[in-house]
Amino acid sequence: LGDFLAAVDALPPAVNVASMVGLGTVRGIVIGNDDRPATPGEVTRMRSLVSAAIEHGACGASSGLEYIPGAFASRKELIALCEPLAAAKLPYATHMRNEDDDLLESLDESIEVARLAGCPLQVSHLKTQGPRNWPKIDAALDRLEKARASGLDVAFDRYPYVAYQTGLTNLFPAWSRDGGTERFLARLRDSATATRIRDEALAKVELIGGWDNVQITSVRNETDRAAEGQRLGAWAKASGAEPYEAAVGLLERSGGNVGMVGFAMSEDNIARFLAHPLGMVCSDGGAFATEGPARRGHPHPRSLGSFPRVLGHYVRDRRALPLEDAVRKMSAFPASRVRLTDRGMLRQGLAADVVVFDPATVTDRATFAEPFR
């Protein structure tokens, strides 16, 4: 990580850059993409990598437990890898194991990992995914409030959109991705596994409301470039293909590297998450340019529109939260979570990272149809 940060400093970057240490990256280095428990020796090695990253400037540790290989990490492993965070009071930031039917159980796991590791907890882009799970917001917030009241330093973040972005492989069960992409693609056509994979993937698609709630954002295969920006159901129909087979074909032709947006969240719940005292604003986005070679694919508009959308849509139009709260949730609050002491507020002697805007007119222009505006 130290080498990476030195390379960033040498550019220099157009924006400020900090990095957590990814526990999935650490597991991938030590174990690979296999679905098996870590040995005691492997846990020791992974802990040493986390500790070294903290020494090199990591501002926390993150996990992606719906993804490979993070999905294969046990609770015990996560606790062990988060323990080095405790002394520095750095957060464990987690994209939880599940954000839909098992949302509450995943929250319980996240809280237990941080509590037993002795470190702060940051729940990344907290959501209630799929209409049948929207009512779980009360129970989810209650769990976090009770954890905070019991002494755990816990907070969460949220981006201001009803759709999430991920890889198309996320529609498929974690067990089918054991061992990496080549094995996953082989299992899609293996008679011993294909039917089970199809059934579980179709159940996931039903959860979010059907194939037209899946928008393709990026493909690696040039011949499928026209699919970018298209709803998968409509694109499959226009191509004369059955949607599941169309999805599998996209994955096979792009070596598993296909991006998607899933429309599955409640607008009212977003407003509540953004307004909650333990919530702050994130983009969960990537780095894109509006022109040149870094303008690529058809990404989620959150990468260009998140912060102005909060200020315009949720503060001014919906009045979901006061302007002062929104600004704090974009600056001082998140800065404090990763132990930044030299920025985040307007104060003499602090870094002059200042954005000036007109609260009467600030608005987001990026849309799912035109994400680069």
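Two rings of Phe, Tyr or Trp are taken as a pair if their centres lie within 6.5 Å. In this predicted model, ring pairs join Tyr161, Phe263 and Phe368 into a cluster. The structure as a whole holds 6 aromatic pairs.

One of these pairs is formed by Phe156 and Phe273, whose ring centres are 5.8 Å apart; their planes stand at 75 degrees, so the arrangement is edge-to-face. Phe156 belongs to strand β5 (residues 154-158) and Phe273 to helix α11 (residues 267-275), so this pair ties together parts that are 117 residues apart in sequence. Both partners are shielded: Phe156 counts as buried at 0% relative accessibility, and Phe273 is buried with a relative accessible area of 1%.

Phe172 and Phe184 make another edge-to-face pair, with ring centres 5.4 Å apart and planes at 75 degrees. Here the pair ties together parts that are 12 residues apart in sequence, because Phe172 sits in the loop between β6 (163-167) and α7 (181-189) while Phe184 sits in helix α7 itself. Phe172 and Phe184 are both buried.

Turning to helix packing, helix α2 (residues 23-30) packs with helix α3 (residues 40-55) at an angle of about 135 degrees, and the two axes are 10 Å apart. That angle makes α2 oblique to α3, and the crossing of the two helices is right-handed. On the α2 side, Leu23, Val26, Arg27, Ile29 and Val30 take part in the contact, meeting Glu42, Arg45, Met46, Leu49 and Val50 of α3. Sorted by class, this contact comprises 7 nonpolar and 3 charged residues, with no polar ones.

Definitions and conventions
Residues are numbered from 1 along each chain as its sequence is written. This is a predicted model: local features need pLDDT of at least 70, side-chain atom pairs count only at pLDDT 80 or more; totals for chains, interfaces and linings use all residues. Side-chain values use heavy atoms; hydrogens and water are left out. Axes are lines fitted to C-alpha atoms, for helices over the stretch in contact, and angles run from 0 to 180 degrees between N-to-C directions. Helices (H or I, at least four residues) and strands (E, at least two) are DSSP runs, numbered from the N terminus. Angles under 35 degrees count as roughly parallel, over 145 as roughly antiparallel, 65 to 115 as roughly perpendicular and the rest as oblique. A crossing is left-handed if the near helix is turned anticlockwise from the far one by less than a right angle, and right-handed if clockwise. Contact means heavy atoms within 4.5 Å. Ala, Val, Leu, Ile, Met, Phe, Trp, Tyr, Cys and Pro count as nonpolar, Asp, Glu, Lys and Arg as charged, and the others, Gly among them, as polar. Rings of Phe, Tyr and Trp (its six-membered ring) pair if their centres lie within 6.5 Å; planes under 30 degrees apart count as stacked, over 60 as edge-to-face and the rest as tilted. Buried means under 20% relative accessible area, exposed over 50%, partly exposed in between (1.4 Å probe, protein chains only).
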